[in-house]
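Reader: I've got this one open on my screen and I'd like to talk it through. Can you walk me around it?

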Amino acid sequence: MPELDCSIVTPSKKIFEGKVEYISAPGKVGEFGVLPGHESFVTVLDVGIVEIQPTGKEKFKVVIVGGYFEVSEDKIFVIADDVISKDEIDIDKTKEEIQKYKSELSSLNVGDANYELIQRKLKKYEKMLELAS
């Protein structure tokens, strides 16, 4: 079966390195999937869930918090700002963070200095809750 070489890293750790059959990720302009033979491209990642199907292993998902995604000659390289696995998620703390950021967001207006930052943090915790559920 055709496969891709995949490497996912953050500034502080290597998250995954190996052969994959498929990967999907949240791009800034929408979710996308990559199979072997895909055209080369580079894109900016949004906050969201990445689904990885390693060759011969069980599929897994992680939350990715922005970064860059590159495909070139059946090689995928992802540099993420942060990656959170299901095992790292504390559901109660995640729910508290969601409420905190919803409250902060409700007191801001679109265009305020911190609006996009708080919105991004809220989306991160919402995706973490989605992954953990």
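Reader: Which residues have the most contacts inside the largest nonpolar core?

Author: Those are I8, I23, V34, F69 and I76, in a core of 20 residues. Keep in mind that this is a predicted model.

Reader: And which strands supply that core?

Author: Strand 1, strand 2, strand 3 (30-34), strand 4, strand 5 and strand 6 each give at least two residues to it.

Reader: Take I8, then. What does I8 touch?

Author: Setting aside residues up to four places away in sequence, I8 touches K14, I15, F16, I23, I52, V78 and V83.

Reader: What else is there by way of a core?

Author: There's a second, separate core of 16 residues, and I49, I118, M128 and L131 are among its members.

Reader: OK, on to the strands. Is strand 1 mostly covered or uncovered?

Author: Mostly covered: strand 1 spans residues 4-9, and five of its six residues are buried.

Reader: Which way does strand 1 run against strand 2, and how many bridges join them?

Author: They run antiparallel, with six bridges between strand 1 and strand 2 (residues 14-27). One of the pairings puts C6 across from G18 in strand 2.

Reader: Which residues of strand 6 are on the covered face, and which on the uncovered one?

Author: I76, V78 and A80 make up the covered face, while K75, F77 and I79 are on the uncovered one. As a rule, side chains in a regular strand alternate between the two faces of the sheet.

Reader: How does strand 5 pair with strand 6?

Author: In the antiparallel sense, over six bridges. G67 stands opposite A80 in strand 6. Strand 5 and strand 6 form a hairpin with two residues between them, and E73 in that turn has a positive phi of about 50°.

Reader: Switching to aromatics. How many aromatic pairs are there in the whole structure?

Author: A search of the whole structure turns up five. F41 and F69 are stacked, because their ring centres are 5.9 Å apart and their planes sit at 15°. That pair links distant parts of the chain, with F41 in strand 4 and F69 in strand 5 (residues 60-72), 28 residues apart.

Reader: Are those two buried or exposed?

Author: F69 counts as buried, at 1% relative accessibility. F41 is partly exposed, with a relative accessible area of 22%; the cut-off for buried is under 20%. F41 and F69 also form one aromatic cluster together with F32.

Reader: What about Y101 and Y125, how are their rings arranged?

Author: They're stacked too, 5.9 Å centre to centre with 20° between the planes. Y101 lies in helix 1 (residues 91-106) and Y125 in helix 2 (residues 115-132), so the pair ties together parts that are 24 residues apart in sequence. Both Y101 and Y125 are buried.

Reader: Since you bring up helix 1, which of its residues are buried?

Author: T94, E97, I98, Y101 and L105. Looking down the axis of helix 1, those buried residues fall within an arc of 105°, so they line one face of the helix. They pack against helix 2.

Reader: And what's on the face turned away from that?

Author: The exposed residues D92, E96, Q99 and S106. As for length, helix 1 has 16 residues and reaches 22 Å from its first C-alpha to its last, close to the 22 Å expected.

Reader: Last stop: P26. Where is P26 found, and what is it in contact with?

Author: P26 is found in strand 2, and counts as buried at 10% relative accessibility. Leaving aside neighbours within four places in sequence, P26 is in contact with E31, F32, L45, D46, V47, G48, I49, V50 and I64.

Reader: And T43, buried or exposed?

Author: Buried, at 18% relative accessibility. T43 is found in strand 4 (residues 41-54). Again leaving aside neighbours within four places, T43 is in contact with F32, G67, Y68 and F69.

Technical notes:
Residues are numbered from 1 along each chain as its sequence is written. This is a predicted model: local features need pLDDT of at least 70, side-chain atom pairs count only at pLDDT 80 or more; totals for chains, interfaces and linings use all residues. Side-chain values use heavy atoms; hydrogens and water are left out. Buried means under 20% relative accessible area, exposed over 50%, partly exposed in between (1.4 Å probe, protein chains only). Helices (H or I, at least four residues) and strands (E, at least two) are DSSP runs, numbered from the N terminus. Two strands pair if DSSP finds at least two bridges between them. Contact means heavy atoms within 4.5 Å. Rings of Phe, Tyr and Trp (its six-membered ring) pair if their centres lie within 6.5 Å; planes under 30 degrees apart count as stacked, over 60 as edge-to-face and the rest as tilted. A nonpolar core is a set of buried Ala, Val, Leu, Ile, Met, Phe, Trp, Tyr and Cys residues joined through side-chain atoms within 4.5 Å. The expected span of a helix is 1.5 Å times one less than its number of residues. The arc is that of the directions from the helix axis to the C-beta atoms.
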